[in-house]
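Hi there,

Here is the structure I promised to pass on.

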Amino acid sequence: MKRKLKPVEKPALLKLDLGCGKNPRDGFTGVDSRSFGQPIIADLTNPWPWDDGSVEEAHCSHFIEHLCFKGTPKRPTSKEVSAAIEGVGGTLNAGTDKEL
């Protein structure tokens, strides 16, 4: 007699609100570099703490523009940040006041 194998349940994919500050988006896990009461505190200019394929959707509002003007260790110029975003199908429409 053959036994039926139980299907393996895949873990739910994450929906992240990057740079959420005090206002994480409904239905998303808030992420920010400073503590505002959100569950994840992470400096997103460093390698991200999530496994490849574990994030379904990443939302950001008022976050990317800071990377575009300051750069990151891996992409030190705004041109490199823009190319990385657009290279995976993202769109960029960012602007910010002078960084202090």
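Helices (H or I, at least four residues) and strands (E, at least two) are DSSP runs, numbered from the N terminus. On that basis the protein chain has two helices and four strands, and from the N terminus on its elements run β-β-β-β-α-α.

A word on the source: this is a predicted model, where local features need pLDDT of at least 70, side-chain atom pairs count only at pLDDT 80 or more, and totals for chains, interfaces and linings use all residues. Residues are numbered from 1 along each chain as its sequence is written, and side-chain values use heavy atoms, with hydrogens and water left out.

Next, burial. Buried means under 20% relative accessible area, exposed over 50%, and partly exposed in between (1.4 Å probe, protein chains only). Of the 100 residues in the protein chain, 24% are buried. For contacts (heavy atoms within 4.5 Å) between residues at least 6 apart in sequence, 45% join residues at least 24 apart.

On to the aromatics. Rings of Phe, Tyr and Trp (its six-membered ring) pair if their centres lie within 6.5 Å; planes under 30 degrees apart are stacked, over 60 edge-to-face, and the rest tilted. The count is one aromatic pair: Trp48 and Trp50, edge-to-face at 5.8 Å centre to centre with 90° between the planes. Trp48 is partly exposed at 43% relative accessible area, while Trp50 is buried at 15%.

Finally, the structure holds zero disulfides (cysteine sulfur atoms within 2.5 Å). Cys20 is buried at 8% relative accessible area, and Cys60 is partly exposed at 32%.

Cheers
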